[in-house]
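Student: Can we go through the pockets of this protein, and then a couple of its residues? Please keep it short.

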Amino acid sequence: MIELRIIEETGFQHEDIQPLNESTRTIVQANVDYYQRIGYNQPWVGYLAVQNGEAVGSCGFKGMRNGITEIAYVTFDPYRGNGVGTEMCRLLCEIASEHPEIEVTARTLKEPSYSTRILEKNGFRHVRDVVDEDGVEVWEYSLFRRKA
């Protein structure tokens, strides 16, 4: 079972998790730096995905703007191909489901990939092609929720 642990404004403060390796510490610091630029507003923050006391991935919301949030996720080696990305995406969607007024989006490279399959499994649909902040053409997906 995977659970999401919040990366706080000051970093990752969970002592029950095995020591973080250098690349994971870099991801944590990148989140802390990002919070300093855009603000820290739970639940629209970064998370470490933890399984059996180990960090297996990182995911989160890329802030909130005009009622829209973008999700992102990465599975750490050697956990790829074991459903970690799908589960991180599902858990982020579960968090967002508590806020039905929020539109949830995601972006991928313009080619079929593991990430596009993860999004589609979790109810996302390709809605448009856009140019991201780095000038790269990407596919934008939006989460389509069932009406109650």
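Student: What is the volume of the largest pocket?
Tutor: Start with the source: this is a predicted model. Rolling a probe the size of a water molecule over the atoms shows where empty space is left. For the largest pocket, that space comes to about 730 Å³.

Student: Which residues lie nearest the centre of the largest pocket?
Tutor: The lining has 31 residues.

Student: How many residues in the lining of the largest pocket are nonpolar?
Tutor: Sort the lining by residue class. Seven residues are polar and seven are charged. The nonpolar residues number 17.

Student: Which residues are closest to the centre of the second largest pocket?
Tutor: This pocket has a volume of about 510 Å³. Its lining has 18 residues. Closest to the centre are Tyr34, Lys62, Gly63, Arg65 and Glu70.

Student: How many residues lining the second largest pocket are charged?
Tutor: α1, β4 and β5 each supply at least two residues of this lining. By class, the lining has five nonpolar and five polar residues. The charged residues number eight.

Student: Now Glu140. Is Glu140 buried or exposed?
Tutor: Glu140 sits in strand β7, residues 137-143. Its relative accessible area is 6%. The cut-off for burial is under 20%. Because 6% falls under that cut-off, Glu140 counts as buried.

Student: Which side chain does the Glu140 side chain join in a polar contact of 3.0 Å?
Tutor: Leave aside neighbours within four places in sequence. Glu140 then contacts Thr105, Ala106, Arg107, Arg125, His126, Val127, Arg128 and Val130. The polar contact of 3.0 Å joins the side chain of Glu140 to that of Arg107.

Student: Last one: is Thr108 buried or exposed?
Tutor: Thr108 is in strand β5. Not counting residues up to four places away in sequence, Thr108 touches Ser115, Thr116, Leu119, Val138, Trp139 and Tyr141. Its relative accessible area is 6%, so Thr108 is buried.

Methods
Residues numbered from 1 in each chain as written. Predicted model: local features only at pLDDT ≥ 70, side-chain atom pairs only at ≥ 80, totals over all residues. Heavy atoms only, no water. 1 Å grid on protein atoms, 1.4 Å probe; cavity = no way out; pocket = protein on both sides within 12 Å on 5 of 7 lines; lining within 4 Å. Points joined across faces, edges and corners; volume = space filled by probe spheres on them. Nonpolar A, V, L, I, M, F, W, Y, C, P; charged D, E, K, R; others polar. Helix = DSSP H or I, 4+ residues; strand = E, 2+ residues; numbered from the N terminus. Buried < 20%, exposed > 50% of the residue type's maximum accessible area, 1.4 Å probe, protein only. Polar contact = N/O pair within 3.5 Å; in protein donor to acceptor, adjacent residues only side chain to side chain. Contact = heavy atoms within 4.5 Å.
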